[in-house]
Amino acid sequence: SHWGFSPTGIARAAIANLRSRSVVAGGSTITQQLVKNYYLSAERTLSRKLRELFMAMLIELHYSKNAILESYLNEVYLGQDGPRAIHGFALAAEHYFDRPLAELGLHQQALLIGMIQGPSLYNPRRNPERARTRRDLVLSVMAEQGVINAERAAVARAMPLELNEGRASDRYPAYLDLVRR
């Protein structure tokens, strides 16, 4: 319902950051994050933030919310496989579960959604309990907001993480040859 940025989100983050005297919260919308990741650097300056706000409003004028969300989900950083960054849900599904995105169960989808906030923090291979807790939170929120019913959430919470074994580069030696070239 916003036009590319959220004044209340920005204000909330600014207050939290002022109170802690460091950057502990962000107030960016998905559109702002998409703009930053596609077009701008990650530098933390006021001029970059103002460009980001302006560009986010332009994107909101030209594209639907669904198109913006799809672009974000295809671009968002979800981990690392050696020198290779894992961007987007489709690649993350292959990396973590060795399956196409369309074949993931609800519990696996919720894990990927939960990882957005901190791919290293919620990496299921390094921090399986933290990842499971985050996944279960996502499932609870989905149930509270009526996206799924409570029974489906409970079944998904009972599921194991079901990760594939090893890194993608271990499963696909040809990948290592490409990286070395």
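A pocket, on a 1 Å grid over the protein atoms alone, is an open set of points where a 1.4 Å probe fits, with protein on both sides within 12 Å along at least five of seven lines, and its lining residues have an atom within 4 Å of a point. A volume is the space filled by probe spheres set on the points, which are joined across faces, edges and corners. The largest pocket here has a volume of about 1,600 Å³. Select Gly26, Gly27, Ser28, Gln33 and Lys36, which are the closest to its centre of the 44 residues that line this pocket. Next select helix H3, residues 46-62, which gives the most to the lining of the largest pocket, with six residues; helices are DSSP runs of H or I with at least four residues, numbered from the N terminus.

This is a predicted model, in which local features need pLDDT of at least 70 and side-chain atom pairs count only at pLDDT 80 or more, while totals for chains, interfaces and linings use all residues. Residues are numbered from 1 along each chain as its sequence is written, and side-chain values use heavy atoms, with hydrogens and water left out.

Now select Arg134 and Tyr122: the charged end of Arg134 sits over the ring of Tyr122, 5.3 Å from its centre (CZ of Arg must be within 6 Å of the ring centre and within 35 degrees of the ring normal). Finally, show the whole chain, whose C-alpha trace spans about 50 × 45 × 35 Å along its principal axes.

Notes. Helices (H or I, at least four residues) and strands (E, at least two) are DSSP runs, numbered from the N terminus.
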